[in-house]
Each structure stands twice: as C-alpha cells, then as structure tokens.
Amino acid sequence: MGCTVKNIRRPGGFEITNRAISFCSFSKGAKILDLGCGQGATVDHLTNQGYEAFGIDSNPANISPQSNLINASAETIPFPDSSMDGIMMECSFNLMDDQQAVLKRCFEVLKPDGRLIISVMYARGKTELSNGSIGRIETKEDILHKLEANNFCPELFEDYSNELRTMWGQMIFDKGARAFYCELGASPEKLKTAKCGYCLIVAKKCS
C-alpha cells in the first residue's frame, strides 16, 4: 500500500526508494537530491539511512526553515555542477513543466558516475492524460527516449503497477470513487484508456 508520511502518498511506500538506492550501491554519506520533495519524507528517510540528502520543491509551503529542503525550481537546481551522487524524482517527473530543462540540469549537477532515479506513472495504453494532479502520462518508450536524448543511459526498468492499483483501490475505499477521480483530475474513461502503470527507472550519465 502507498505510504502517507508527511501527507505523502505514493505507490509502494519506501519499498521502491530502497530498491533504487540498493541498485545504485551508494556509499554511506553519498549526496542525494530529491526533486519535487514535498514536505521531505524521502529526504528524512535517506538521512536516517546515513546519506547526505537534500530536497527541492517549488511550493514554499512545503519548506521548513530548519531542514535540508530548498524552495526552488527543478529546472534551476541551485547546487554546483558535478556535486550529487544521485538525483531522485518520485511521482514528480510527470508534473515538471519543462522536462527537457530539468534533465539538462540534472546531467550538469550529477557527478560523472552519478545516477538519475525516476519512479513515475506511465501509460500502457493510449497517452490521453496530460493534466490534473497526476500530470503528463507517457509511454515507457517516450520516457526512455527523453532520457537517452538528454545523455542518460537507462540501466534499470522495473514495473510496480500492482502497487499503484493497490494504492488507488485504498484511496477509493477511503474517499469514494467520485472524490478519487476528482482528486486525480481524470475521468474513469481516460484512466481506462491510458491503462496507467507505475515504474522505477534508473539511468546513468552516458560517457
């Protein structure tokens, strides 16, 4: 089921986060940046595991003055070039206004052997969703093509669609179907056509 730490709900809770960190084999003390961090649930989680974690969110209401969270845009990332071992986007890449600019800046900020981690909804059917709270829903091929076009080499793709279905089922149970579809900003017909799935992607900077 999705976790709701600090008002955050996402498929699989920290299970997918932990899988990504394990796959990347980051050393303790590695610098990891979470883009679209919300109130910092993942930043807290990574810090508790011994990593030097930071978060960026464009909503100033999410930022606590005494934390490693920064109010900024993902397109600008106010950290030096080649300073991060890893950059994460959990349920946020599909909400980025200028994905091209975000990926370009991620490439600059990551160290030469850095890793980009994206967990995101994707379309297994027609890509008819482009707004609402779930943002832009694209196919696996479209997402991987964007990464490759911005000099990232995908190393891992894992499907976690069951976790998405479980989370959505719980949301419908908790809120009712009408409130659920209203929150997502998408009709049942469009969701059915898109056949939304959820995946984890890890990519490295191409040499």
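Two strands count as paired when DSSP finds at least two bridges between them, and strands themselves are DSSP runs of E with at least two residues, while helices are runs of H or I with at least four, both numbered from the N terminus. With that in hand, E158 has L200 in β7 as its bridge partner. The model is predicted, so local features need pLDDT of at least 70 and side-chain atom pairs count only at pLDDT 80 or more, whereas totals for chains, interfaces and linings use all residues. Residues are numbered from 1 along each chain as its sequence is written, and side-chain values use heavy atoms, leaving out hydrogens and water.

**Overall picture**

- The protein has seven helices and seven strands, which follow one another along the sequence as α-β-α-β-β-β-α-β-α-β-α-α-α-β.
- Of its 207 residues, 49% count as buried, a label given to residues under 20% relative accessible area, with exposed meaning over 50% and partly exposed in between (1.4 Å probe, protein chains only).
- The accessible surface comes to about 9,800 Å², and carbon and sulfur atoms hold 49% of that surface; areas come from the Shrake-Rupley method with a 1.4 Å probe, and for residues only the protein chains shown count as cover.
- Among contacts (heavy atoms within 4.5 Å) with a separation of 6 or more, 68% join residues 24 or more positions apart.

**The sheet and its helices**

- Seven strands form an open sheet with mixed pairing, in the order β3-β2-β1-β4-β5-β7-β6.
- Its edge strands, each pairing on one side only, are β3 (69–71) and β6 (152–159).
- From one strand to the next, the twist averages 20°; for such angles, axes are lines fitted to C-alpha atoms, for helices over the stretch in contact, and values run from 0 to 180 degrees between N-to-C directions.
- Strands β6 and β7 (residues 196–205) run antiparallel and are joined by seven bridges.
- Helix α3 (residues 99–109) packs on the sheet, where it touches β1 (31–35), β4 (84–90), β5 (110–123), β6 and β7, and its direction makes about 150° with that of β5.
- Helix α4 (residues 140–149) also packs on the sheet, touching β5, β6 and β7, with its direction at about 160° to that of β5.

**Aromatic pairs and charges over rings**

- The whole structure holds three aromatic pairs, where rings of Phe, Tyr and Trp (its six-membered ring) pair if their centres lie within 6.5 Å, with planes under 30 degrees apart called stacked, over 60 edge-to-face and the rest tilted.
- One of these pairs is F107 with F152: the ring centres are 5.7 Å apart and the planes stand at 80°, so the pair is edge-to-face.
- This pair links distant parts of the chain, with F107 in helix α3 and F152 in strand β6, 45 residues apart.
- F107 is partly exposed at 24% relative accessible area, whereas F152 is buried at 0%.
- Another pair is Y122 with F157, which is edge-to-face because the planes stand at 80°, with ring centres 5.7 Å apart.
- Here too distant parts of the chain are linked: Y122 belongs to strand β5 and F157 to strand β6, 35 residues apart.
- Y122 is buried, with a relative accessible area of 7%, while F157 is partly exposed at 25%.
- A charge sits over a ring if NZ of Lys or CZ of Arg is within 6 Å of the ring centre and within 35 degrees of the ring normal; K140 lies over the face of F157, at 4.3 Å from the ring centre.
- K205 lies over the face of F107, at 4.4 Å from the ring centre.

**Helix α2 and T42**

- T42 sits in helix α2 (residues 41–48) and is buried, with a relative accessible area of 1%.
- Leaving aside residues up to four places away in sequence, T42 touches R10, F14, T17, D34, M88 and E90.
- The buried residues in α2 are A41, T42, V43, H45 and L46, and the buried residues of this helix pack against α1 (15–24), β1, β2 (52–57), β3 and β4.
- After α2 comes G50, with a positive phi near 100°.

**F26 in its loop**

- F26 lies in the loop between α1 and β1 and counts as buried at 13% relative accessibility.
- Not counting residues up to four places away in sequence, F26 touches I21, I32, Y51, D85, G86, R115 and I117.
- F26 and G114 lie 88 residues apart in sequence, with their C-alpha atoms 9.5 Å apart in space.
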